[in-house]
Amino acid sequence: MNIVTRFSTTALLGLSASSSLFAADHELSLMLDWFVNPNHGPIVIAQEKGYFAEQGLDVTIQEPADPSMPPKLVAAGKVDMAISYQPTLTIDVAAGLPLIRSATLIATPLNTLMVMDDSKIESPADLKGKKIGIAIAGTEEATVGTMLKHHGVMWDEVEIINVGWSLSASLASGKVDAIWGGLRNFETNQLKLENYAATAFFPEEHGVPAYDELVFVANSKTYDKESIQAFNRALEKATTYIVNHPEAAWKEFIAYSPDTLDNELNALAWKDTLTRFALRPAAIDLARYDDYAEFMFEHGIIESLPKAQDYVPNLN
């Protein structure tokens, strides 16, 4: 069942004529990439502390029943904005979906190639002849393949096993020697809580271009520039608050849904995610997007090469 959390906010009273804030509510629907978790900290804080309301926004936050659907629903005009991933956005745009990147939420990659400390695997070079578990088949030949090649290991010298969503369990049990797709702010902590020590190899340090993990997408044909600008101002204010007051922000974050958010794993993930949030969500780096798109094109992930200027507009 699709879970929808509705929050109604009211416009601020007594705004001066010169104020940049809206005088009336603008409704905006936002679909997350997954259930609410620490990756969504700035969104939750902006909602909980009324920063969206300050900008005259009435934001509806939705959690998807199917995490593959949010950008497709934006493209179809069913929701105004959604959280997606820079690589996914590039794939979608190359396939012709009418999408733009409107802001960045997590400004660094989160995916890692992870091994157990007691495996004696000290670098990707030691994975020759080993088994690597993945959750979803798709881009691993480009990403993991590049990391391996960076250390002299060819793609056909490892065995790829689809373990579904049992990444941590498959690694801890020895079913596989490494996993791809474990997040540096979650899976490492999950294993730690279960008394396992793991080491993560970061793709951007082993030949893979850096990219934005989580981005906001909007419909390129129907997006409202003023609403997006207002949303981004609220998001930036929330991020600044989180960075300056991490403990207070954590308490306000878990108050959003105490039964599901207030646990040890999320507490650890919260601390590890703080440095990943985009301090300037609206800021853009077109070269960064073009570099990663070229990487995807060269590895056959996309068949056409979109230009960043066409789907990463300057909304400032």
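What is the volume of the second largest pocket? About 160 Å³. Keep in mind as you click around that this is a predicted model.

**Stop one: the pocket**

Start by selecting Leu 28, Asp 80, Thr 222, Tyr 223 and Asp 224. Among the 15 residues that line the second largest pocket, these five lie nearest its centre. Now colour strand β2 (26-31), strand β11 (214-219) and helix α8 (225-244): each of them supplies at least two residues of the lining. If you colour the lining by class, you'll get 7 nonpolar residues, 4 polar ones and 4 charged ones.

**Stop two: Arg 101**

Next, pick strand β5, which covers residues 99-106, and find Arg 101 in it. Is Arg 101 buried or exposed? It is buried, because its relative accessible area is 1%, and the cut-off for buried is under 20%.

Show the side chain of Arg 101 and look for its polar partners. The backbone oxygen of Ala 283 sits 2.6 Å from a polar atom of that side chain. Then try Pro 281, whose backbone oxygen is 3.1 Å from a polar side-chain atom of Arg 101.

Now bring up the other surroundings. Leaving aside neighbours within four places in sequence, Arg 101 is in contact with residues including Leu 89, Val 215, Phe 216, Ile 284, Tyr 289, Tyr 311, Val 312, Pro 313 and Leu 315.

**Last stop: a distance to draw**

Technical notes:
Residues are numbered from 1 along each chain as its sequence is written. This is a predicted model: local features need pLDDT of at least 70, side-chain atom pairs count only at pLDDT 80 or more; totals for chains, interfaces and linings use all residues. Side-chain values use heavy atoms; hydrogens and water are left out. On a 1 Å grid over the protein atoms alone, a cavity is a set of points where a 1.4 Å probe fits but cannot get out, and a pocket is an open set with protein on both sides within 12 Å along at least five of seven lines; lining residues have an atom within 4 Å of a point. Grid points are joined across faces, edges and corners, and a volume is the space filled by probe spheres set on the points. Helices (H or I, at least four residues) and strands (E, at least two) are DSSP runs, numbered from the N terminus. Ala, Val, Leu, Ile, Met, Phe, Trp, Tyr, Cys and Pro count as nonpolar, Asp, Glu, Lys and Arg as charged, and the others, Gly among them, as polar. Buried means under 20% relative accessible area, exposed over 50%, partly exposed in between (1.4 Å probe, protein chains only). Contact means heavy atoms within 4.5 Å. A polar contact is a pair of N or O atoms within 3.5 Å; within protein, one must be able to donate a hydrogen and the other to accept it, and residues adjacent in sequence count only if both atoms are side-chain atoms.
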